[in-house]
Amino acid sequence: MHVPVMVGECLEYLAVRPDGIYLDATAGLGGHTAAIAARLSTGLVIANDRDAESLEIAKRNTAQWADRIRYHHGSFSELHSALTAFGIERVAGLLADLGVSRYQLTEPERGFSLMAEGPLDMRMDRRRGNTADELVNFSPEKELADLIYRFGEERRSRKISRAIVRARPIHTTERLARVIEEAVPRTSQLHPATQTFMALRMAVNDEQGELDQLLSIAPELVNSGGRIVIISFMSLEDRKVKQSLQALARSGRAVTLTKHVVRPAQEETRDNPPSRSAKLRAVEMRQ
Ligand SMILES: C[S@@+](CC[C@H](N)C(=O)[O-])C[C@H]1O[C@@H](n2cnc3c(N)ncnc32)[C@H](O)[C@@H]1O
């Protein structure tokens with residue numbers, strides 16, 4: 001069973017009540033959904049994800065509590081319909097655990113991983129949008145460099161972009177990783193293509209735009225007294241989350257529950273190293 005990040009902290013900040021209705025905006029493999037569902041009696045969790053394959057895995061992983069869970073396939077911009085589809089107007093708590101899941105990262109076929117040979121896809125929602133292949137093979141060199149710099153915070157973006165353009169066409173993860181490795185030397189333990197892969201993933205899935213959508217919609221979906229809990233893994237995301245939740249608190253619409261960002265306990269980062277970059281922030285809605 002997949003181990004969700006900061007699960008105890010999520011339950012605490014969501015203040016899960018047995019009769020409450022909760023929205024897990026990023027169900028992934030169902031880890032947090034299961035933890036919430038296990039606490040419910042008459043309550044309900046809406047388990048949403050834009051990745052249909054992940055949602056199928058979540059269904060299997062949460063089968064034990066299926067009567068308390070409703071699954072919804074959609075992106076953040078479709079969260080209103082995730083509720084109205086089940087006749088719900090607002091929830092007692094909304095959880096978003098941003099980024100990609102272990103499944104997405106490790107399934108070669110999805111094309112997210114530079115460690116496994118696969119097609120350059122990287123779409124979380126395979127129903128729509130351009131693939132990483134299209135971005136890599138058809139973007140002008142400068143555009144490619146800009147997105148690698150902006151989303152990947154990669155200082156060698158121009159060099160990488162030039163090498164990619166020269167090596168086109170590139171259709172697989174392994175080849176892209178190799179082209180980048182040959183263009184820029186390894187300067188740390190990280191593979192030199194790590195930040196470029198992250199940048200492409202963020203661009204393909206419009207992750208920044210989606211996060212903006214989530215942050216603007218979330219307050220409308222949560223009851224007065226209800227909670228919004230967001231976990232992010234990248235500084236770009238955490239900055240947005242922090243500013244948006246602070247603005248909500250300043251306007252009097254919410255009260256900040258996490259004066260300082262909450263990080264996973266040492267024990268968790270030891271047992272689950274990818275959790276080490278997780279940052280949790282939470283507010284309680286007032287109106
Ligand atoms: C870190 S994983 C969540 C893991 C999950 N909490 C668990 O315990 O299994 C992030 C999930 O969010 C989904 N996701 C990312 N951006 C999304 C968006 N804009 N709309 C809906 N789902 C999104 C991804 O498809 C992925 O499954």
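**Entry: T258.** I began with T258, whose side chain reaches the backbone nitrogen of A282 at 2.9 Å. I count a polar contact as a pair of N or O atoms within 3.5 Å; within protein, one must be able to donate a hydrogen and the other to accept it, and residues adjacent in sequence count only if both atoms are side-chain atoms. I found T258 in the loop between β6 (254–256) and α13 (266–271). My helices (H or I, at least four residues) and strands (E, at least two) are DSSP runs, numbered from the N terminus. Is T258 buried or exposed? T258 has a relative accessible area of 5%, so I noted it as buried. My cut-offs are under 20% relative accessible area for buried, over 50% for exposed, and partly exposed in between (1.4 Å probe, protein chains only).

**Entry: ground rules.** I am looking at a predicted model, where local features need pLDDT of at least 70 and side-chain atom pairs count only at pLDDT 80 or more, while totals for chains, interfaces and linings use all residues. Residues are numbered from 1 along each chain as its sequence is written, and side-chain values use heavy atoms, with hydrogens and water left out.

**Entry: the ligand.** Which residues come nearest to the ligand? Of the 25 residues around it, I listed L29, H32, D49, D97 and E210. Here a residue is near a molecule or strand if one of its heavy atoms lies within 4 Å of it. By class, I sorted the shell around the ligand into eight nonpolar, 12 polar and five charged residues. For this I took Ala, Val, Leu, Ile, Met, Phe, Trp, Tyr, Cys and Pro as nonpolar, Asp, Glu, Lys and Arg as charged, and the others, Gly among them, as polar.

Next I looked up polar atoms. A nitrogen atom of the ligand is 3.2 Å from a polar backbone atom of R50. A backbone N or O atom of F76 lies 3.1 Å from a nitrogen atom of the ligand. For Q104, an N or O atom in the side chain is 2.9 Å from an oxygen atom of the ligand. How much of the ligand's accessible area does the protein cover? I wrote down 97% of the 600 Å² that the ligand has on its own. Accessible areas come from the Shrake-Rupley method with a 1.4 Å probe; for residues, only the protein chains shown count as cover. The elements that give two or more residues to this shell are α2 (31–38) and β2 (44–49).

**Entry: Y103.** I found Y103 in helix α5 (residues 102–106). Y103 counts as buried because its relative accessibility is 16%. Y103 and G28 are 75 residues apart in sequence, yet I read 8.4 Å between them in space, C-alpha to C-alpha.

**Entry: the second largest pocket.** I noted a volume of about 150 Å³ for the second largest pocket. Its lining includes E153, R156 and P192. By class, the lining has three nonpolar, four polar and five charged residues. On a 1 Å grid over the protein atoms alone, a pocket is an open set of points where a 1.4 Å probe fits, with protein on both sides within 12 Å along at least five of seven lines; lining residues have an atom within 4 Å of a point. Grid points are joined across faces, edges and corners, and a volume is the space filled by probe spheres set on the points.

I then followed R156, which lies in the loop between α7 and α8. R156 is partly exposed, at 22% relative accessibility. R156 and P192 are 36 residues apart in sequence and 9.6 Å apart in space, C-alpha to C-alpha.

Entry: Most residues other than glycine have a negative phi, and most peptide bonds are trans. E153, in the loop between α7 (141–152) and α8, has a positive phi near 50 degrees. With a relative accessible area of 42%, E153 is partly exposed. D206 also has a positive phi, of about 45 degrees, and I placed it in the loop between α10 (194–204) and α11 (207–221). Where is P169? I found P169 in the loop between α8 (157–167) and α9 (173–183), and the peptide bond from R168 to P169 is cis, with omega near 0 degrees.
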